[in-house]
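Please open the structure in a viewer and keep the selection tool at hand.

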Amino acid sequence: MQFNLAVLPGDGIGPEVATEGIKVLQAIGERFDHSFNLHYGLVGGVAIDETGTALPPDTLKMCRGCDAVLLAAVGGPKWDDPKAKVRPEDGLLALRKELGLFANLRPVKVSPVLVDSTNLKPEVIQGVDFIFVRELTGGLYFARPKRQWQTSRGRRATDSMTYSEQEIERIVRVGFELARGRRKKLTSVDKANVLESSRLWRQVAMEVAKKYPDVELEHMLVDACAMRLIQRPTYFDVIVTENMFGDILTDEASMLAGSMGMLPSASLAGVPQEGVNIFGMYEPIHGSAPRRAGLDMANPIAIILSIAMMLRYSFGLVKEAQTIETAVDEVLSQGYRTYDIMGEGKIRAGTREMGNLIAEKVGG
Ligand code: IPM
Ligand code: MG
């Protein structure tokens with residue numbers, strides 16, 4: 001089959017890891033006889049430098065014309081001034097909003113071979129396998145109004161959390177659909193003891209639950225969830241939550257897997273259901289790691305696993321997705337490690353070598 005893919009390498013280590021991801025994708029293409037047409041575009045800091053805006057109209061147009069988008073990373077100290085008019089992150093937020101990518105999937109799976117490279121006790125980490133569903137186009141991030149102003153008693157600023165029942169309904173459905181294909185347990189995370197938007201969230205979640213009698217729904221307050229993630233992470237199967245809570249909890253959860261460099265994500269424009277291909281943007285969870293840029297150090301596994309998610313959700317290529325996931329496991333089992341997951345007696349690999357090893361395995 002033929003697919004069109006928008007590739008946005010972005011900033012910092014972005015271009016390096018994107019190259020390795022594409023290498024693995026091409027290996028899939030050769031082995032399974034698919035062709036992936038790549039369309040490169042600018043986003044983030046590089047886009048600001050070249051065009052003055054974080055998401056040039058050409059890039060957005062190109063993304064709309066493709067079957068999926070692969071984004072590596074945006075941002076860096078060069079563009080970090082809090083008073084700056086444009087920032088690289090604006091490009092990412094605009095892409096999410098403009099492409100309608102409301103459902104952000106962030107799986108957290110601890111590979112048995114990496115149990116030792118985390119800060120938590122092996123017995124707590126062993127067997128962790130859950131997925132976060134984070135609402136991505138609403139809440140505080142896209143608050144109206146969002147501004148700072150001067151009053152007679154000093155400056156004030158506001159961002160308020162607003163959700164419509166439609167926004168809640170569609171994201172909660174994503175949680176239920178995923179839970180249905182897994183261990184059938186959905187944890188909906190909110191702050192219903194304090195926030196009105198959370199009380200609406202909870203009501204809608206209970207209404208949607210009626211259509212999924214086979215899935216167990218529970219509600220958990222966000223502070224309790226933050227604690228439970230460290231205390232007993234194996235407790236969770238699927239977690240659904242609003243944008244800001246999801247942002248914070250997924251960084252916390254990423255530490256369970258040892259390194260941000262291991263975790264992929266998918267941002268989808270629809271509810272994933274078997275046999276349906278959904279437009280999506282795929283990106284590693286990690287940032288642009290400017291201090292590691294250009295050193296052939298960064299771990300490309302997160303973007304490689306993001307490509308596996310793309311094959312599964314946007315291209316309907318499940319066997320191909322599994323081929324990538326298995327290849328990653330095999331290379332790790334052989335002892336190869338990038339610096340972020342390095343351990344005693346392991347073989348140190350750079351970005352390129354890790355990409356080559358995985359691509360070779362994928363090639364069969
Ligand atoms: C993430 C990131 C982004 C977010 C930033 C870069 C805007 O932290 O994808 O989690 O807050 O959503
Ligand atoms: Mg974040």
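This is a predicted model: local features need pLDDT of at least 70, side-chain atom pairs count only at pLDDT 80 or more; totals for chains, interfaces and linings use all residues.

Next, select arginine 106, where a polar side-chain atom lies 2.8 Å from an oxygen atom of ligand 1. Then select aspartate 247: an N or O atom of its side chain is 2.9 Å from an oxygen atom of the ligand.

Now display the whole shell around ligand 1, which consists of Glu89, Leu92, Arg96, Arg106, Arg134, Tyr141 and Asp247. Colouring these residues by class shows 5 charged, 2 nonpolar and no polar residues. Select helix H4, residues 88–98, to find the element that gives the most to this shell, with 3 residues.

The tour then moves to the largest pocket, with a volume of about 1,200 Å³. To locate its centre, select Ile131, Arg182, Arg312, Tyr313 and Glu325, the nearest to that point among the 34 lining residues. By class, this lining comprises 18 nonpolar, 9 charged and 7 polar residues.

Finally, select the elements that each supply at least two residues of this lining, including strand S4 (103–109), strand S5 (129–135) and helix H6 (165–180). Helix H11 (318–333) also belongs to this group, and H11 provides the largest share of the lining, 6 residues.

Terms used. Residues are numbered from 1 along each chain as its sequence is written. Chains are lettered from A and ligands numbered from 1 in the order in which they are written. Side-chain values use heavy atoms; hydrogens and water are left out. A residue is near a molecule or strand if one of its heavy atoms lies within 4 Å of it. A polar contact is a pair of N or O atoms within 3.5 Å; within protein, one must be able to donate a hydrogen and the other to accept it, and residues adjacent in sequence count only if both atoms are side-chain atoms. Helices (H or I, at least four residues) and strands (E, at least two) are DSSP runs, numbered from the N terminus. Ala, Val, Leu, Ile, Met, Phe, Trp, Tyr, Cys and Pro count as nonpolar, Asp, Glu, Lys and Arg as charged, and the others, Gly among them, as polar. On a 1 Å grid over the protein atoms alone, a cavity is a set of points where a 1.4 Å probe fits but cannot get out, and a pocket is an open set with protein on both sides within 12 Å along at least five of seven lines; lining residues have an atom within 4 Å of a point. Grid points are joined across faces, edges and corners, and a volume is the space filled by probe spheres set on the points.
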